[in-house]
Amino acid sequence: MSPADFNRKKALDVASETGTPTISRTVPIKITSGDDSTTGTGDIVLDWTNISSKSDIGVYDENGNLLDYYFESFNATAETAVIHVYRAWVQDGSTQVQIGYGNGPSDQSVVASTVFDKETDLVAGYLFNETSGDLLDVTSNNNDGTVNGATQGETGIVD
């Protein structure tokens with residue numbers, strides 16, 4: 001599988017920043033709908049014409065190699081998705097990730113722990129998206145938490 005297996009692709013460039021040039025981190029990518037030539041919004045804007053399921057979006061490195069990625073959310077009706085992907089991000093202005101989208105061949109996403117367990121020394125990871133019950137750890141460490149004094153089910157904000 002490669003970005004060529006989809007109708008379109010969008011390259012994500014990582015801008016130059018002062019400080020450490022490489023950051024190994026899991027990051028959320030928030031995808032919305034609209035004109036896919038739009039840039040600079042903080043969201044990844046895609047044309048959702050041929051996106052109806054998770055199989056219609058794939059995440060690849062700059063060389064077209066499939067990356068491990070996890071869908072926190074996907075809503076074809078609202079044309080939104082939040083994807084978590086781990087990699088060593090080089091802040092040099094180059095393409096770091098490519099999103100292949102539209103009429104994809106199959107869902108290539110993985111379970112959350114596959115992505116979050118790549119974080120060095122991460123004891124627990126929480127998405128805070130439960131609508132009831134305990135706060136669930138997305139790593140394989142199973143360090144779930146108990147919610148006290150919070151209203152669950154409120155809409156969160158990425159960024």
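User: Where is T22 found, and why is T22 called partly exposed?

Analyst: In this predicted model, T22 is found in strand β2, residues 22–33. Its relative accessible area is 36%. Buried means under 20% and exposed means over 50%. T22 falls in between, so T22 is partly exposed.

User: What is T22 in contact with, leaving aside its neighbours within four places in sequence?

Analyst: T22 is in contact with A88, W89 and V90. Contact here means heavy atoms within 4.5 Å. As for W48, the C-alpha atoms of T22 and W48 are separated by 32 Å. The two residues are 26 residues apart along the chain.

User: What makes K10 buried?

Analyst: The relative accessible area of K10 is 11%. The cut-off for buried is under 20%, so K10 is buried.

User: Where is K10 found, and which residue is its bridge partner in β7?

Analyst: K10 is found in strand β1. Its bridge partner in β7 is I99. The side chain of K10 also has a polar atom 3.0 Å from the backbone oxygen of V45.

User: How do you know that β1 and β7 pair?

Analyst: Count the bridges. 6 bridges join β1 to β7, residues 95–101. Pairing needs at least two, so the two strands pair. They run antiparallel.

User: What is the strand order of the open sheet?

Analyst: The order is β1-β7-β4, in an open sheet of 3 strands. The pairing is antiparallel.

User: Why are β1 and β4 called edge strands?

Analyst: Look at their partners. β1 (8–13) and β4 (57–61) each pair on one side only. Neighbouring strands of this sheet are turned by 25° against each other on average, direction ignored.

User: How many aromatic pairs does a search of the whole structure find?

Analyst: The search finds 5 aromatic pairs. W48 and F74 form one of them.

User: What makes the pair of W48 and F74 tilted?

Analyst: Take the distance, then the angle. The centres are 5.6 Å apart. That is within 6.5 Å, so the rings pair. The planes are at 35°. Under 30 degrees would be stacked and over 60 would be edge-to-face.

User: Why is the pair of F71 and F74 called edge-to-face?

Analyst: The ring centres are 5.8 Å apart, and the planes are at 90°. The edge-to-face class needs over 60 degrees, so this pair qualifies. W48, Y69, F71 and F74 form one aromatic cluster.

User: Are W48, F71 and F74 buried or partly exposed?

Analyst: W48 has a relative accessible area of 5%, so W48 is buried. F71 has 4%, so F71 is buried too. F74 has 22%. The limit for buried is under 20%, so F74 counts as partly exposed.

User: Where is S106 found, and why does S106 count as partly exposed?

Analyst: S106 is found in the loop between β7 and α1 (112–116). Its relative accessibility is 26%.

User: What makes S106 and Q108 a polar contact?

Analyst: The contact joins the two side chains at 2.5 Å. The limit is within 3.5 Å, and 2.5 Å meets it.

User: Which residues does S106 touch, not counting residues up to four places away in sequence?

Analyst: S106 touches M1 and S55. The C-alpha atoms of S106 and D5 are separated by 9.8 Å. Along the chain, S106 and D5 are 101 residues apart.

User: How do you know that the radius of gyration agrees with a compact globule?

Analyst: With 159 residues, a compact globule would have a radius of gyration near 15 Å. The protein has 16 Å, which agrees. The C-alpha atoms fill a box of roughly 45 × 40 × 30 Å along the principal axes. Of the 159 residues, 35% count as buried.

User: How many helices and strands are there, and in what order do the elements run?

Analyst: There are 1 helix and 7 strands. From the N terminus on, the elements run β-β-β-β-β-β-β-α.

Terms used:
Residues numbered from 1 in each chain as written. Predicted model: local features only at pLDDT ≥ 70, side-chain atom pairs only at ≥ 80, totals over all residues. Heavy atoms only, no water. Helix = DSSP H or I, 4+ residues; strand = E, 2+ residues; numbered from the N terminus. Axes fitted to C-alpha atoms, helices over the stretch in contact; angles between N-to-C directions. Buried < 20%, exposed > 50% of the residue type's maximum accessible area, 1.4 Å probe, protein only. Polar contact = N/O pair within 3.5 Å; in protein donor to acceptor, adjacent residues only side chain to side chain. Phe/Tyr/Trp six-rings, centres within 6.5 Å; stacked < 30°, edge-to-face > 60°. Rg over C-alpha atoms; globule rule 2.2 N^0.38 Å.
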